[in-house]
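Me: I have a model open and would like to learn how to read its features. Could you take me through a few of them?

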Amino acid sequence: MGQHLLKPIDLRLILGAALALFIVAMPATAADKFDKVSKEMADKKGCLSCHEGIEQFVDGLMHEQIISLAEEYKDPGGCVVCHGGNPQATTKDAAHKGAPKDLTESGGPHTFYPDPGSIFLGDKACGQCHQGYSERLMKSLMNTEAGKIQGNLWSWGVLKEHRSVYGNYTLKDEDGPEPAVGSDDYKKYMLAFAKAHPDQLPPSMEQIPEVDPNDIPNHPNKAGITYSRQQCQRCHVGVSGREKRGDYRGTGCSSCHVPYSNEGKYEGGDPTINKEIPGKLLVHRLQGTRKSKVKVGKVEYSGIPTESCVSCHNRGKRIGVSYQGIMEFPYGSPYDAKGKKQPKLHTKKYLFIKDDLHHQVESRDGNPKGGLLCQDCHTSIDMHGDGNLPGTTLAQVEIECEDCHGTVKKFPWELPLGHGEEFQRDIGDKARGLTDELPDFMEFATKYDPQDGYLLSARGNPLGNVVKKGKRVILHSATGLDFDVPVLKQLKMDNAWKSPNAMVAMASVGQHMETMECYACHADWAPQCYGCHITVDYSKGKTDTDWITTANARAENGLSADYALGTNGLKGPGKVSETRSYLRWETPILGINGEGRVSPLMPGCQVITTVIDKDGNTIVDNMIWDAPDGKGLDHAPVQPHTAGRKARSCESCHNNPKTLGYGIEDGRFLKGYENDLIVDLLTNQKQPIPRQYKVQSPAIPKLDHDLSQIVTRDGKQLVTVGSHWELSGPLPAATRKKMERTGLCMGCHQNMVDEGLWAKVNSPAFVNNEQHQAVMDQAIHALARDRAAIKK
């Protein structure tokens, strides 16, 4: 898992990333100081003639490998192994150009690579050692964002099928559906998966097309393509991303494996790097596994900090910020000591709600115990891909909660492969077992003693940092900490439940474990941004950054057009603005996800659009497009990444119309949006009295229900639910009927009108909650006795 994210050689790739960055944005005075060095100095120190003081990128064997290659390239510091350039040059300009002929003929890099992490450099930088990684990452969701594009265009009515058609680049899976990496069991599993789900693992995809503004009057929903290209596609690893607080990062491999702080300031020892201008790496060190230590000042850490992941995972399903416990909100409170609101992070302000259980730092035995990193659960394939072309998250991510925690009936190793992603089919009951061997692609990972064996993912790959040791399951975190994983069957055997509710919910009600995702109950909350109001304006030559044009305009050094600080990429036609209707976080709606299990839902692309053409004409105003299964106001199945030890209450599902899909308070609020709202002096017929007035809230013609409602009481589906899988949708009518226990209070209290009967059971004193429960318990036992007596 986490330890597979990076092989030792990955270290080298970032060596370049950092060096380049310092050079790009030096102040003139610093640049002048290092413009020229003597020939003697260049021969003796190479790149370190100027960059002396820069952090050694990595330690141990990897560093030794770099230095051994550097001797051949005549670079004492090893910089050109990853960065290219000319280590013998005596001027900055010459050093940052192609290497001299004698070096390139001996196999040295031809060009200077400011960020050698770029996936477009292939085997010229990282790929010199990490063969195959660039190709896998190129086809992974981290680069194509195919699922995001498909989901967005589904809500705009542009795409009508579940098949993933578009990505950030035109790509083809040349070697077919068999994964390039993985255990034999994994490859067998994924071949069957690809055969069963060809729409979600397509053989090819096209680059999302450009939009011709002249075509917008005829096809206004194609403005959704502009929206996607400008607002949604900046987070893939082919580009460097947005220059905003919290969004600074490298490109390609450097996106994750080189540390960038939210402020984007350099805090290392290279004298050529300006420490005041944002947009720089934090230090010139590799972050990856437990064995790769990074020191910043007096702080030392290992692993990839969660916030490195969150530089991208803060929009869409927002799983990164949710894992940290925060949700965007408009206010920016509380004020600081200077009376200022919060600084914007990822261009937003945040409300802390509650972080995921796995993220929390707890005190055990008087000692603080840290939380888990994203990489501690998510595997190398989850991140880098397996060489196939996944069209959606479920096609790439191989893990399930039960892989570590098991179920109340079975230990993780007793579960069959495919448990948790059955897709409503029989997967058999053959135990997946354990293994003490790692596949070849994990050979450079941090290796832990398998003890009784490594646990396996739902698809058959070893989880190389999760082992069985006697009755214990131990997770080795990339942070250096080790954790005991709560195993449900062991808890049941030891009768170690913290609450009787847990035993009832997981063991006594079998349907819960058999048909629901663990996080259907254990997700404490989910961000719910209802209504995505979007204006796309093509008038007066308006433009904004087009991340697809930017990504596909690359230089010989592998970097896209947004790399240089202050550029923010290339522009495309149209300008997007967006806002929300309202925000919620509590009691997520439940529905069916693509795997056929009950899952939380959250508002996805709930697009309500206004489109203005190049001549300033409003083509559509507050338009809701139609998706194949309802209005394009998507509710997307989600793993919220907000797990809590205490599950949501029974009542929050069984006695809550919102959870069932009927809307907040049964959908009785937020109606009437299909008409203009005028707030002024009005007649009793609501006609405005003044001749001069303004519409306070313009009509949304097709919005005749609350945005939190997905289905009516008589079973009509109002909006689309999920866009990638046929099984996703609202809770089926039979399930809703079976679940709902709304109004149970009146089961007893309707008898209050019979004063004689009520006097026999009522207490004149106040009855608290526990006493109510005791009365109901007595009633159950009395009913059981009566039925037993009748049978006799």
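Me: Which strands form the open sheet, and in what order?
Reply: Strands are DSSP runs of E with at least two residues, helices are runs of H or I with at least four, and both are numbered from the N terminus. Two strands pair if DSSP finds at least two bridges between them. Here four strands make an open, antiparallel sheet in the order 10-11-12-13. Its edges are strand 10 (453-456) and strand 13 (482-484), each pairing on one side only. Strands 10 and 11 (residues 462-469) share four bridges, and Y454 has V467 in strand 11 as its bridge partner.

Me: How far can I trust such details?
Reply: This is a predicted model, where local features need pLDDT of at least 70 and side-chain atom pairs 80 or more, while totals for chains, interfaces and linings use all residues. Residues are numbered from 1 along each chain as its sequence is written, and side-chain values use heavy atoms, without hydrogens and water.

Me: How is an aromatic pair described?
Reply: By the distance of the ring centres and the angle of the planes. Rings of Phe, Tyr and Trp (its six-membered ring) pair with centres within 6.5 Å; planes under 30 degrees apart are stacked, over 60 edge-to-face, the rest tilted. The count is nine aromatic pairs. One of them, W156 with W625, is stacked, at 6.5 Å centre to centre and 25° between the planes.

Me: Why does the pair of W156 and W625 tie together parts apart in sequence?
Reply: W156 lies in the loop between helix 11 (146-155) and strand 1 (166-167), and W625 in the loop between strand 20 (618-623) and strand 21 (626-627), so the pair links parts 469 residues apart in sequence. W156, Y227 and W625 form one aromatic cluster.
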